[in-house]
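Hi everyone, thanks for having me. Today I'd like to walk you through one protein model, starting with charged side chains and ending with the core. Have a look at it first.

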Amino acid sequence: MTKSRYSYFIKRTPHGLGFFTAEPIPAGKRIVEYTGPLLSNEEVDKRKNGKYFFGVNTKWSIDGTPRSNIARYINHSCRPNAEAIVSGRRVWIWSKRAIKAGEEISYNYGKEYFDVHIKPVGCKCVKCTEKKR
């Protein structure tokens, strides 16, 4: 398990639990690794309700279900402050811009995940909920 390089806390948000930084994070810094067992994509396709699978290539995905994977608490945003970078069979979350202490860390989950899991219930990220106010 790779811990975050920064102090963090998990807190309830309108879209579930969220990953918040307790200290400022400069732009372009590695925050945390998305961890879990490596599964073949064939195995992933056999499983139902896989919200925490992260595809790393055409053959493998990380099953981020274990609670020891603190990156699983990072929520989707249509205007994210971080991004997921795949390096080999590992996934790292990096800051896209300076992030303030107390701010929720978020990244864009991508079109496929969005269309399957988020769009049917409506996006609850800050960008999308601001539109509704």
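Let's start with Arg90, which is partly exposed at 40% relative accessibility. That label goes with a scale: buried is under 20% relative accessible area, exposed is over 50%, and partly exposed is in between, using a 1.4 Å probe and protein chains only. Before I go on, this is a predicted model, so local features need pLDDT of at least 70 and side-chain atom pairs count only at pLDDT 80 or more, while totals for chains, interfaces and linings use all residues. Residues are numbered from 1 along each chain as its sequence is written, and side-chain values use heavy atoms, with hydrogens and water left out.

Okay, so what does Arg90 meet in a salt bridge? The partner is Glu33, at 2.8 Å from N to O. A salt bridge here is a side-chain nitrogen of Lys or Arg within 4 Å of a carboxyl oxygen of Asp or Glu. Glu33 is buried, at 7% relative accessibility. Arg90 sits in strand S9 and Glu33 in strand S3, so this pair ties together parts that are 57 residues apart in sequence. Strands and helices are DSSP runs numbered from the N terminus, with at least two residues (E) for a strand and at least four (H or I) for a helix.

How many salt bridges are there by this rule? The count is five. One joins Arg97 and Glu103, with the closest N and O atoms 2.4 Å apart, and Arg97 is partly exposed at 37%. Another joins Lys111 and Asp115 at 2.7 Å, N to O. Those two are four residues apart in helix H2 (residues 111-118), so about one helical turn separates them. Lys111 is exposed at 64%, whereas Asp115 is partly exposed at 31%. There's also a network of salt bridges linking Glu43, Arg47 and Asp63.

Now for a charged residue without a salt bridge. Glu104, in the loop between S9 and strand S10 (106-107), is buried, and the nearest side chain of opposite charge, Lys11, is 8.0 Å away. For charge, Lys and Arg count as positive and Asp and Glu as negative, with His and the chain ends not counted. What does the Glu104 side chain make a polar contact with? That would be the side chain of Asn75, at 2.8 Å. A polar contact is a pair of N or O atoms within 3.5 Å; within protein, one must be able to donate a hydrogen and the other to accept it, and residues adjacent in sequence count only if both atoms are side-chain atoms.

On to the core. The largest nonpolar core has 19 residues, and Ile31, Ile74, Ile93 and Ile105 touch the most other members. Such a core is a set of buried Ala, Val, Leu, Ile, Met, Phe, Trp, Tyr and Cys residues joined through side-chain atoms within 4.5 Å. Strands S3 (30-34) and S9 (90-95) each supply at least two residues of this core, and S3 gives the most, with three. A second, separate core of five residues includes Tyr113, Ile118, Cys123 and Cys128.

Cys128 is buried at 13%, while Cys78 is partly exposed at 28%.
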